[in-house]
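Have the coordinates open and try each task before reading on.

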Amino acid sequence: MTETASAPLRAALVGTGAIADAHAAALAATPDAELVAVTDRDPEHARRFADRWNIPRVDDSLAELLERGGIDVLHVLTPPGVHAEQAIAALDAGLHVVCEKPAALSLDELDAMTDAAARSDRRLAVVFQQRTGTAPAHVRDLLHSGALGRPLVAMCNTLWYRDPAYFAVPWRGKWATEGGGPTLGLGIHQIDLLAWLLGDWTSVHGQLWRLDRETQMEDVSTAVVTFAGGVVASVVTSALSPRQTSSIRIDTELATITVDHLYGHAHEHWRITPAPDVPAEVQAAWALPEVEEGSGHDPLVRDIYAALRSGEPLPPTATEVARSFEIVTAIYSSSAIGQVVTPETLRADAAHRRSLESPVADLRRA
């Protein structure tokens, strides 16, 4: 795949819900992109959105948008139940795709999306904006270089609060249309950041809990995840936590790394605490870069479009889209079978590769 034209890549959005503003703002800040079209199942909502962002074209449907052409990249911002169908249609039409998380309802759907990208020689990028920013890039380099010693123990917590009205939205709280509960819809961001920092996973032992909300799925999940090299991580995802926080802690031989934030992080949210007796000159080499960029859609979209424009591979912040989805799927699979799941046994679990639907331990009061 090579892009040679000098004009900005022409972008379109399908879906104009809350996250669409973040994408429109990121595209406006990206020199290699121009937002030229939008479509939504609610035409009036799409027109109001287009007016707000000065988008020249509003199409009645995705089919119409693809048929009219004139688009290079489609941003899929709809509910997850239609992500795979819409992304594959766009890829088969010759467009690149930037898809919000969760990219699909199952690993089989995600495989179908990546297969469509391969056969069309197009790029599929999934939005995991927690990977972006100068701090996680620096910490990842320190971990991979061995500068902090061997990683040993980790904790990954997504403790958010979603009231009953959140689950009352028609497509939410149902296996068929949301795919999974907070583990998939909320926790996947921090799980993805943890995996981006630590690398390949080797086992998962998970449990799903329904403690309070009216939903088919879990409102809390717990898991122990091991990574290559022997790191053991505790992973907790909750939609019931009034004091909301997103946090990761990684204890290595020489230091403790922490990031505590909610929906985005900058240098102020990261801390590297040395073990006793680590020399000052060693600690000095761990310092975060002087030039700072926080996480967010802006750097992710900028780097994706720069890669598309140059014909280079997608940046590391937009690749390996299946790894965190595999960990999430393994949590559901493990909870269903009551056993540890490995990458090999997950590949053999055809039912959970097709659907995350699993039994949930219901501990709600009568």
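**Exercise 1.** Which residue lies over the face of Tyr166, at 3.9 Å from the ring centre?

*Solution.* Before we start, note that this model is predicted, with local features requiring pLDDT of at least 70, side-chain atom pairs pLDDT 80 or more, and totals for chains, interfaces and linings using all residues. Residues are numbered from 1 along each chain as its sequence is written, and side-chain values use heavy atoms, leaving out hydrogens and water.

Step 1: apply the test for a charge over a ring, namely NZ of Lys or CZ of Arg within 6 Å of the ring centre and within 35 degrees of the ring normal. Step 2: Arg172 is the residue asked for, at 3.9 Å from the ring centre of Tyr166. Step 3: Arg162 also lies over the face of Tyr166, at 5.5 Å from the ring centre.

**Exercise 2.** Find how many aromatic pairs there are, and describe the one formed by Trp160 and Tyr263.

*Solution.* Step 1: rings of Phe, Tyr and Trp (its six-membered ring) pair if their centres lie within 6.5 Å; planes under 30 degrees apart are stacked, over 60 edge-to-face, the rest tilted. Step 2: the count is four aromatic pairs. Step 3: Trp160 and Tyr263 are edge-to-face, 4.8 Å centre to centre with 90° between the planes.

**Exercise 3.** Is Trp160 buried or exposed?

*Solution.* Step 1: buried means under 20% relative accessible area, exposed over 50%, and partly exposed in between (1.4 Å probe, protein chains only). Step 2: at 6%, Trp160 is buried, whereas Tyr263 is partly exposed at 43%.
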